[in-house]
Amino acid sequence: MDAQLKRPGSMRVLAALTMALVLLTTGIARADRFSTIDRVRGSVVAIGTLERTRTPQFQFLGSGFAVGDGSLIVTNAHVVPPILDVAHGETLAVMLPNRVRDAKDEAQVRDAKPAAVDSNVDLALIKIAGPPLPPLRIRDSDSVREGQDVLFTGFPIGAVLGPYPATHGGMISVVTPIAIPQGRAADLDPRTLRRLSTGAFPVFQLDATAYPGNSGSPVYEPDTGEVIGIINMVLVKSTKESALSQPSGITYAIPSKHLQNLIDKAR
């Protein structure tokens with residue numbers, strides 16, 4: 001080490017400069033994260049059904065986000081109702097929420113219709129009417145690593161907390177099969193057996209808490225906003241945790257490569 005840097009005064013200056021650099025870098029990273037969340041919020045929608053003669057008119061079912069040309073919305077297949085009350089004018093719809101709670105304008109509701117479904121991975125695409133939304137970019141999920149930081153944005157308990165997208169953070173705890181052989185035959189149910197026979201593809205287990213209503217939320221990289229997974233609280237738990245009498249509270253996500261396959265088939 002240079003003799004001048006060994007002096008106490010020089011060491012203090014060097015330490016101060018190092019700390020300043022760390023703080024500057026951290027500040028930039030946080031600013032990037034704020035920007036990413038704000039951008040993703042503009043692509044996330046609430047999914048439900050609309051019936052103008054009932055109260056409330058919009059019935060919340062889950063979360064979704066825009067991809068492709070901005071007119072396609074991704075969600076879980078189980079979020080999309082298989083049957084609508086056509087006799088009473090019930091339709092599939094999405095709600096574009098206000099960005100702030102004190103906004104005077106009401107949230108915008110748009111009609112939608114199913115575009116593609118893959119029940120094997122519990123993913124669906126729906127097409128919305130009106131101007132396109134800012135689409136999110138999908139990243140190859142094969143490169144995702146355990147320990148990687150992630151964010152997800154959606155509508156936890158949206159029917160109660162209102163149409164205000166909330167963001168949660170965590171990391172990829174493990175990449176694990178969606179279903180595994182059980183220690184006892186009695187713990188195997190028909191759904192788990194079917195999943196094991198058709199292929200137990202890997203899913204992401206997250207060190208983060210998702211809630212009812214988060215199904216269909218995008219899981220994305222904090223710095224880029226690129227989607228690497230889709231929150232799923234039904235398909236995975238029904239097979240992964242079939243031996244449990246009560247759900248564990250662990251959050252899972254379907255890797256984005258399955259979404260890309262669905263988008264390619266829908267073109």
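What pLDDT does the protein average? The model is predicted, and local features require a pLDDT of at least 70, side-chain atom pairs count only at pLDDT 80 or more, and totals for chains, interfaces and linings use all residues. Residues are numbered from 1 along each chain as its sequence is written, and side-chain values use heavy atoms, with hydrogens and water left out. The protein averages a pLDDT of 82, and 72% of the residues score at least 70; pLDDT is the predictor's confidence in each residue, from 0 to 100.

**Overall composition**

- The protein holds five helices and 12 strands, where helices (H or I, at least four residues) and strands (E, at least two) are DSSP runs numbered from the N terminus.
- Of the 267 residues in the protein, 45% are buried; buried means under 20% relative accessible area, exposed over 50%, and partly exposed in between, with a 1.4 Å probe and protein chains only.
- Among contacts with a separation of 6 or more, 65% involve residues 24 or more positions apart, a contact being heavy atoms within 4.5 Å.
- Over residues 20-28 pLDDT stays under 50, and the model has zero contacts beyond four places in sequence for them.

- Six strands form a closed barrel in the order β7-β8-β9-β12-β11-β10, with antiparallel pairing; two strands pair if DSSP finds at least two bridges between them.
- From one strand to the next, the twist averages 40°.
- Strands β7 (residues 149-154) and β10 (residues 218-220) run antiparallel and are joined by two bridges, and Phe-152 has Val-219 in β10 as its bridge partner.
- Helix α5 (residues 256-266) lies across β11 (227-231) and β12 (251-255), at about 40° to β12; axes are lines fitted to C-alpha atoms, for helices over the stretch in contact, and angles run from 0 to 180 degrees between N-to-C directions.

- Five of the six residues of β4 are buried.
- Strand β1 (residues 44-50) runs antiparallel to β4 and is joined to it by five bridges; Thr-49 stands opposite Leu-92 in β4.
- Strand β5 (residues 108-118) pairs with β4 in the antiparallel sense over four bridges, and the partner of Ala-93 in β5 is Asp-111.
- Val-94 is found in strand β4 (residues 91-96) and is buried, with a relative accessible area of 0%.
- Leaving aside neighbours within four places in sequence, the contacts of Val-94 include Val-45, Ile-47, Phe-58, Val-109 and Ile-126.
- The C-alpha atoms of Val-94 and Ala-129 are separated by 9.5 Å, with the two residues 35 apart along the chain.

**Nonpolar cores**

- The largest nonpolar core has 34 residues, of which Phe-65, Val-67, Leu-125 and Leu-259 touch the most other members; such a core is a set of buried Ala, Val, Leu, Ile, Met, Phe, Trp, Tyr and Cys residues joined through side-chain atoms within 4.5 Å.
- Strand β2 (residues 58-67) gives the most to this core, with four residues.
- Beyond its neighbours within four places in sequence, Leu-259 is in contact with Phe-65, Val-74, Leu-123, Leu-125, Ile-138 and Ile-230.
- A second, separate core of 15 residues includes Leu-92, Ala-112, Ala-124 and Ile-128.
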